[in-house]
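Please examine the sequence and the structure shown below. The numbered points that follow take up selected details in turn.

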Amino acid sequence: MQTLDMATTELREVNATLQSQKADTNQRAWEIVNPKGSHAIACGLDGPIEVTVRGSTGYYCGGMNKEATVHIVGSAGPGVAENMMSGTVIIDGDASQYAGATGHGGLLVIKGNASSRCGISMKGIDIVVHGNIGHMSAFMAQSGNLVVLGDAGDALGDSCYEARFFVRGKVKSLGADCEEKEMRPEHIEILKDLLERAGADAKPEEFTRYGSARKLYNFNIDNAAAY
Amino acid sequence: MCGIVGLFLKDKSLEPQLGSMLTDMLVTMTDRGPDSAGIAIYGNDVDQNFKLTVQSDRPDEDFANLDKELADAIGTPVSMRLKDTHAVLEMDAGKTKSARAALRELRPSVRVMSVGDTVEIYKEVGLPKDVAERFDVRSMSGSHGIGHTRMATESAITTMGAHPFSTGSDQCLVHNGSLSNHNSLRRKLKREGMTFETENDTEVGAAYLTYKMQNGSNLGEALESSLEDLDGFFTFLVGTKDGFGVVRDPIACKPAVMAETDQYVAFGSEYRALVNLPGIEDAKVWEPEPATVYFWSH
């Protein structure tokens, strides 16, 4: 395991070192110590490495991630895993606002709670939150899955497109054009796989599915495969 | 942006370090706003006296002999501590009204930063590090305090546009965000007799709370009604004689993190501000909910 100490190493050097690890790297296990809430830790990674951040992070940790696994042993500030493309980001604690915003792919696991705007404008990312999520989550969500073991705040899925939301607890209110939907066998399969990969102790049957009522945007069934 | 910090001590043995801890927290937030900085300290070293903290752009002229002239005018002893552009005038609590009236006569250009039994507010244009050094905040002890570093968006960078804003005796307000209905609200409050020194949006927020409390609301009620009457973005931290309160607007896009241990309750715009507090690794750390009023008091 390679250790990067942020008490003695500049953020740019930490990120440049991690970003230079490509698909053929032999140095796959990395550890960041003394993050102390710094911004933009482990952003723009582009190889199959595993990065463990020992402590809580500030804005935008793990942003734009491709292929790497970033594990935050602490809580994350606003915009964690923003615009993630692939790979995995795991947060042991809570995540602040707009976790996983605009994410195109990969898996974001939040073991505590996420605050407002979780998964805003998500475009294919899968997000599993073990606790609760705040208001305006999945606003304008386009595709991907948002799984919540706890409760959701106000206006879930406002103006959403074809993303799926699975909530086990209560939903304070649904946003415009978001509605409760039937849980079909294919959804149970999707959910089972996501819960397993996220290490979540819950049964798919306990969840309710929500999604777009398709009245607000110009949905055309011929384009369904594009989502 | 703007950065806010607050520290409320439960453990009395930390009180001598309050100024130093709060300064470190505020300096960490410097890159959220480099324009001006201010700090309100609730000191614990008063002997039944009332404190007026005042500021002048020409302290040498304005503060010369001020304690004696003021004492003559109100007929009771006045002590004065000088700190750079600020001075703390202490006097018998019964004489505060006449002292403020006398001060306006004697030194029309001197501005009142704070009034109260324990609070002292120091604020100036500049970086948190420099502002804290000018007023020797590190050496100050106290039971709780709040600080602010400003990135000006709504109005000019001036001493009077810096935070905290006094909202009444031993009360003050710092703000991260921007109010969008401050002009119409200022006009309404002016009609009700409130006076304003700046074009600043937060000063309107402070005057609003003061007005509400002058008309029968307690601080909690005033903060609750601010959620209805103020339009815009805000995370407010309010200092009171006994503690502090936090409220965020319903959209809650301005950040806030809290930490609590047996020794303290701490507030920061970001977790970075809290990382060097003792025992932070084991503290309860959380984000305050939108549109919810929180209070801690001794």
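1. Which backbone oxygen does the side chain of A:Gln21 reach? The side chain of A:Gln21 reaches the backbone oxygen of A:Thr17, at 3.0 Å. The side chain of A:Gln21 also makes a polar contact of 2.7 Å with the side chain of A:Thr25. A polar contact is a pair of N or O atoms within 3.5 Å; within protein, one must be able to donate a hydrogen and the other to accept it, and residues adjacent in sequence count only if both atoms are side-chain atoms.

2. A note on the basis of these values is in order. This is a predicted model, in which local features need pLDDT of at least 70 and side-chain atom pairs count only at pLDDT 80 or more, while totals for chains, interfaces and linings use all residues. Residues are numbered from 1 along each chain as its sequence is written, chains are lettered from A and ligands numbered from 1 in the order in which they are written, and side-chain values use heavy atoms, with hydrogens and water left out.

3. A:Gln21 is placed in the loop between α1 (11-19) and β2 (29-33) of chain A. Helices (H or I, at least four residues) and strands (E, at least two) are DSSP runs, numbered from the N terminus. A:Gln21 has a relative accessible area of 8% and is therefore buried. Buried means under 20% relative accessible area, exposed over 50%, and partly exposed in between (1.4 Å probe, protein chains only). Apart from neighbours within four places in sequence, A:Gln21 is in contact (heavy atoms within 4.5 Å) with A:Gln27, A:Trp30, A:Asp46, A:Gly47 and A:Ile49.

4. B:Gln55 belongs to strand β3 (residues 49-55) of chain B. Is B:Gln55 buried or exposed? B:Gln55 counts as buried, because its relative accessibility is 0%. Its side chain makes polar contacts with the side chain of B:Asp57 at 3.0 Å and with that of B:Glu124 at 3.1 Å. Leaving aside neighbours within four places in sequence, the residues in contact with B:Gln55 include B:Phe63, B:His86, B:Arg111 and B:Thr159.

5. B:Tyr294 lies in strand β16 (residues 294-297) of chain B. With a relative accessible area of 18%, B:Tyr294 is buried. Its side chain reaches the backbone nitrogen of B:Glu289 at 2.8 Å. Not counting residues up to four places away in sequence, B:Tyr294 touches B:Phe244, B:Gly245, B:Val246, B:Trp286, B:Pro288 and B:Glu289. B:Tyr294 and B:Leu223 are 71 residues apart along the chain, and their C-alpha atoms are separated by 9.8 Å.

6. In chain A, strand β6 (residues 107-110) contains A:Ile110. A:Ile110 counts as buried, at 0% relative accessibility. Beyond its neighbours within four places in sequence, its contacts include A:Ile91, A:Ala99, A:Val128 and A:His130. The C-alpha atoms of A:Ile110 and A:Gly124, 14 residues apart along the chain, are separated by 17 Å.

7. The next points concern helix packing. Two packed helices are described by the angle between their axes and the distance between the axes. Axes are lines fitted to C-alpha atoms, for helices over the stretch in contact, and angles run from 0 to 180 degrees between N-to-C directions.

8. In chain B, helix α6 (residues 182-191) packs against helix α7 (residues 201-214) at an angle of about 40 degrees, with the axes 10 Å apart. α6(B) is therefore oblique to α7(B). Angles under 35 degrees count as roughly parallel, over 145 as roughly antiparallel, 65 to 115 as roughly perpendicular and the rest as oblique. The contact is made by B:His182, B:Leu185, B:Arg186 and B:Leu189 of α6(B) and by B:Asp201, B:Val204, B:Ala207, B:Tyr208 and B:Tyr211 of α7(B).

9. Helix α3 (residues 66-74) and helix α4 (residues 96-106) of chain B pack at about 125 degrees, with their axes 10 Å apart. α3(B) is thus oblique to α4(B). Among the residues that make the contact are B:Leu66 and B:Leu70 of α3(B) and B:Ala99 and B:Leu103 of α4(B).

10. Finally, some backbone details. A cis peptide bond, with omega about 0 degrees, joins B:His163 and B:Pro164. B:Asp170 is not a glycine, yet has a positive phi of about 60 degrees; at 3% relative accessibility, B:Asp170 counts as buried.
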